[in-house]
Amino acid sequence: MGLLLVFLTTTGFVQPNIEDGAHILNKETKTLITEKNNRYFQTKEQPQISVITVKRLYRLTPKALNHSKRSVFIVVGQKGKKRNVQIFSTKDLHGAFTADARANIIRAEVDKLRSRNNAKFNEGLRFVFRACATKVDQQYQYALDKYDLSTSEQNKISHPHRIALPIALALAFLIIAIVYVLKRFGRNNNTFRN
C-alpha cells in the first residue's frame with residue numbers, strides 16, 4: 001500500500017510532456033521528449049519541456065502556463081496545411097527565453113517548420129525542443145548531454161544572420177570592382193579624346 005501511494009504521488013500529479021491533439025508528432029520526436037524529461041525528473045529543480053499540438057493556429061497559450069514553474073511549452077497549432085509553432089516559458093525562465101531567444105530558435109529551422117512533409121517538420125521540431133533543452137540546461141547549469149545542441153547548432157541560433165555578412169562583403173567587393181573598372185575605362189576614354 002505504501003509503495004502504491006509513493007508511485008501515485010510521484011507519477012500521478014505530473015503534467016504530461018506530450019499532448020498530441022493534432023496527431024503530428026512521430027515516434028522519434030516523442031522519444032526525445034520523453035527521454036529528456038525523464039532526465040529532468042532526476043534533478044533537484046525538475047524542469048519540464050512540454051510539446052502540445054492543437055487543431056487551431058491562434059490562441060496557442062497553454063492553460064497550464066500561469067500555474068506552472070520551471071516549464072517550457074512548445075505549442076504547435078495546425079489547421080489544414082498551415083502550422084504555427086510558438087515557445088512559451090514560465091516567469092522563472094523568462095531570462096533564458098527572451099522574445100529574441102524564442103524567435104531565433106524558431107527562425108533557425110523555419111524552413112523545416114514550414115514543411116508540409118511530416119518527417120521534415122518533426123526534424124525541425126526536434127531541433128526546437130533540443131534548443132529549448134539546451135537553454136534550460138544552461139539556466140540550471142546542468143551538464144550538456146546528447147539531447148542538447150552542439151556548439152555549431154547553438155551558433156546557428158546565436159547568430160541567425162551570420163550568412164548576411166559574407167553576402168554583404170561580396171556585394172561591397174562587387175561594387176568596388178565596378179567603380180574601379182568604370183573609373184579606369186573613363187580615364188582611358190578621356191585619354192583617347194585628347
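**View 1. Lys36, Arg39, Asp137, Asp145 and Asp148 are linked in a network of salt bridges.** A salt bridge here is a side-chain nitrogen of Lys or Arg within 4 Å of a carboxyl oxygen of Asp or Glu. This is a predicted model: local features need pLDDT of at least 70, side-chain atom pairs count only at pLDDT 80 or more, and totals for chains, interfaces and linings use all residues. Residues are numbered from 1 along each chain as its sequence is written, and side-chain values use heavy atoms, with hydrogens and water left out. Lys36 lies in helix α2 (residues 27–41) and Asp145 in the loop between α5 (118–139) and α6 (151–158), so the pair ties together parts 109 residues apart in sequence. Helices (H or I, at least four residues) and strands (E, at least two) are DSSP runs, numbered from the N terminus. Lys36 is buried, at 1% relative accessible area. Asp145 is buried too, at 19%. Buried means under 20% relative accessible area, exposed over 50%, and partly exposed in between (1.4 Å probe, protein chains only).

**View 2. Arg130 and Glu153 form a salt bridge.** Their closest N and O atoms are 2.8 Å apart. The pair links distant parts of the chain: Arg130 sits in helix α5 and Glu153 in helix α6, 23 residues apart. Arg130 counts as buried at 19% relative accessibility. Glu153 is partly exposed at 22%. A search of the whole structure finds nine salt bridges.

**View 3. Lys112 meets Glu109 in a salt bridge.** The N to O distance is 3.6 Å. Lys112 is partly exposed, at 26% relative accessibility. Glu109 is buried, with a relative accessible area of 6%.

**View 4. Helix α3 (residues 99–108) crosses α5.** Their axes come within 9 Å and cross at roughly 145 degrees. Axes are lines fitted to C-alpha atoms, for helices over the stretch in contact, and angles run from 0 to 180 degrees between N-to-C directions. The crossing is right-handed. A crossing is left-handed if the near helix is turned anticlockwise from the far one by less than a right angle, and right-handed if clockwise. From α3, Ala101, Ile105 and Ala108 meet Phe127, Val128, Ala131, Cys132 and Lys135 of α5. Contact means heavy atoms within 4.5 Å. The residues of this contact divide into seven nonpolar, no polar and one charged. Ala, Val, Leu, Ile, Met, Phe, Trp, Tyr, Cys and Pro count as nonpolar, Asp, Glu, Lys and Arg as charged, and the others, Gly among them, as polar.

**View 5. Four strands form an open sheet in the order β1-β2-β3-β4, with mixed pairing.** Two strands pair if DSSP finds at least two bridges between them. β1 (18–20) and β4 (82–89) stand at the edges with a single partner strand each, so one side of each lacks a neighbour in the sheet. Neighbouring strands are turned by 10 degrees against each other on average, direction ignored. β1 and β2 pair in the parallel sense over three bridges. Glu19 has Ile52 in β2 as its bridge partner. Helix α5 lies across β2, β3 and β4, at about 160 degrees to β3.

**View 6. Gln46 has a positive phi of about 50 degrees, although it is not a glycine.** Gln46 lies in the loop between α2 and β2 (48–54). Gln46 is partly exposed, at 39% relative accessible area.
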